[in-house]
Amino acid sequence: MTKTNADPIELQKFSDLAHRWWDPASEFKPLHEINPLRLGWIDRCAGLSGKRVVDVGCGGGILAESMASLGASVCGIDLSEKALGVARLHLFESGQKVDYSLTSAEQFAAEQPASFDIVTCMEMLEHVPDPASTVSACARLVRPGGDVFFSTINRNVKAYLLAVLGAEYVLNLLPRGTHEYAKFIKPSELSRYCRSSGLDTIELLGMSYNPLTKTYSLGQNTDVNYLVHAKRLA
């Protein structure tokens with residue numbers, strides 16, 4: 001088997017928690033809470049209905065299913081067999097239709113280049129050894145003129161204090177060890193990966209958490225969590 005752009009420790013970490021993916025009170029509570037925000041943003045930017053979509057690093061399928069519910073034809077890919085098993089099982093409960101595959105972004109891009117109208121890769125880039133390779137694969141998966149969406153975490157002191165110490169050790173929003181600060185990605189770095197892959201960055205948007213109201217919101221502050229909308233150049 002060829003070398004895969006994945007960290008075995010990261011895969012094991014999420015595999016161990018896979019059975020709790022659809023529990024909104026579990027370690028995946030933040031994903032459930034931010035999903036309406038990111039879903040609405042993707043739909044406003046690209047219009048999901050009738051589109052062919054691939055969700056890279058789909059995990060248990062929270063975003064993939066919600067995109068399918070808005071009328072998209074969705075494929076979800078991941079390298080965690082346990083997470084995909086949970087995702088497939090949840091389809092029986094939700095009644096949604098999503099095609100899940102155990103594969104990497106790079107391998108899927110080699111098999112299905114320029115096959116999708118929309119590619120999403122959310123909360124994944126900070127967990128892979130080579131994020132530039134994942135961005136490149138996403139660019140190859142989308143058709144010319146199609147839309148690609150990323151979300152990740154900025155790398156600075158504030159992000160360390162809030163996303164690591166705050167979220168994992170003070171507020172207990174995430175399990176300790178979920179994130180590794182050195183793997184965080186500055187917006188300038190992600191923009192460079194996009195340019196190198198033939199993607200034009202359209203929008204850079206921040207996502208913030210208010211610990212008093214315990215709510216998330218989208219805005220211009222990209223100091224910690226941020227999202228990128230890009231288009232593949234024709």
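Helix 2 passes helix 3 in a right-handed crossing in this predicted model. The axes of helix 2 (residues 29–46) and helix 3 (residues 62–69) come within 10 Å, with a crossing angle of roughly 45 degrees. On the side of helix 2, the contact is made by Leu 31, His 32, Asn 35, Arg 38, Leu 39 and Ile 42. Helix 3 contributes Ile 62, Leu 63, Ser 66 and Met 67. Sorted by class, the residues of this contact comprise 6 nonpolar, 3 polar and 1 charged.

Helix 3 itself is mostly covered, with 7 of its 8 residues buried. The buried residues are Ile 62, Leu 63, Ala 64, Glu 65, Ser 66, Met 67 and Ala 68. What else lies over helix 3? The cover of its buried residues includes, along with helix 2, strand 1 (52–56), strand 2 (73–78), helix 4 (81–94), strand 3 (98–102) and strand 4 (116–122). After helix 3 comes Gly 71, which has a positive phi, near 100 degrees.

Helix 4, one of the elements covering helix 3, holds His 90. The relative accessible area of His 90 is 13%, and His 90 is buried because that value lies under 20%. With neighbours within four places in sequence left aside, His 90 is in contact with Trp 22 and Glu 65.

The axes of helix 6 and helix 8 come within 9 Å and cross at roughly 45 degrees, which makes helix 6 oblique to helix 8. This crossing of helix 6 and helix 8 is right-handed. Pro 131, Ala 132 and Val 135 of helix 6 make the contact with Leu 190, Tyr 193 and Cys 194 of helix 8. Which classes of residue build the contact of helix 6 with helix 8? There are 6 nonpolar residues, no polar and no charged. The contact of helix 2 with helix 3, for its part, includes 3 polar residues and 1 charged residue.

Asp 130 is found in the loop between strand 4 and helix 6 (131–141). With a relative accessibility of 37%, Asp 130 counts as partly exposed. Asp 130 and Ile 9 are separated by 121 residues in sequence, while their C-alpha atoms lie 15 Å apart in space. Gly 198 is found in the loop between helix 8 and strand 6 (199–210). A relative accessible area of 24% makes Gly 198 partly exposed. The C-alpha atoms of Gly 198 and Arg 232 are 6.0 Å apart, although 34 residues separate the two along the chain. Leaving aside neighbours within four places in sequence, Gly 198 is in contact with Lys 231, Arg 232 and Leu 233.

Turning to the aromatic side chains, the structure holds 7 aromatic pairs. In one of them, the ring centres of Phe 14 and Trp 21 are 6.4 Å apart and the ring planes stand at 45 degrees, so the pair is tilted. Are these two residues buried or exposed? Phe 14 counts as partly exposed at 22% relative accessibility, whereas Trp 21 counts as buried at 7%. Another pair joins Tyr 160 and Tyr 181, edge-to-face, with 5.5 Å from centre to centre and 75 degrees between the planes. This pair links distant parts of the chain, 21 residues apart: Tyr 160 lies in helix 7 (residues 157–170), and Tyr 181 in the loop between helix 7 and helix 8 (187–196). Tyr 160 is partly exposed, with a relative accessible area of 34%, and Tyr 181 is partly exposed as well, at 30%. Ring pairs also link Phe 14, Trp 21 and Phe 28 into a cluster.

Definitions and conventions:
Residues numbered from 1 in each chain as written. Predicted model: local features only at pLDDT ≥ 70, side-chain atom pairs only at ≥ 80, totals over all residues. Heavy atoms only, no water. Phe/Tyr/Trp six-rings, centres within 6.5 Å; stacked < 30°, edge-to-face > 60°. Buried < 20%, exposed > 50% of the residue type's maximum accessible area, 1.4 Å probe, protein only. Helix = DSSP H or I, 4+ residues; strand = E, 2+ residues; numbered from the N terminus. Axes fitted to C-alpha atoms, helices over the stretch in contact; angles between N-to-C directions. Left-handed = near helix turned anticlockwise from the far one by under 90°. Contact = heavy atoms within 4.5 Å. Nonpolar A, V, L, I, M, F, W, Y, C, P; charged D, E, K, R; others polar. Parallel < 35°, antiparallel > 145°, perpendicular 65-115°, else oblique.
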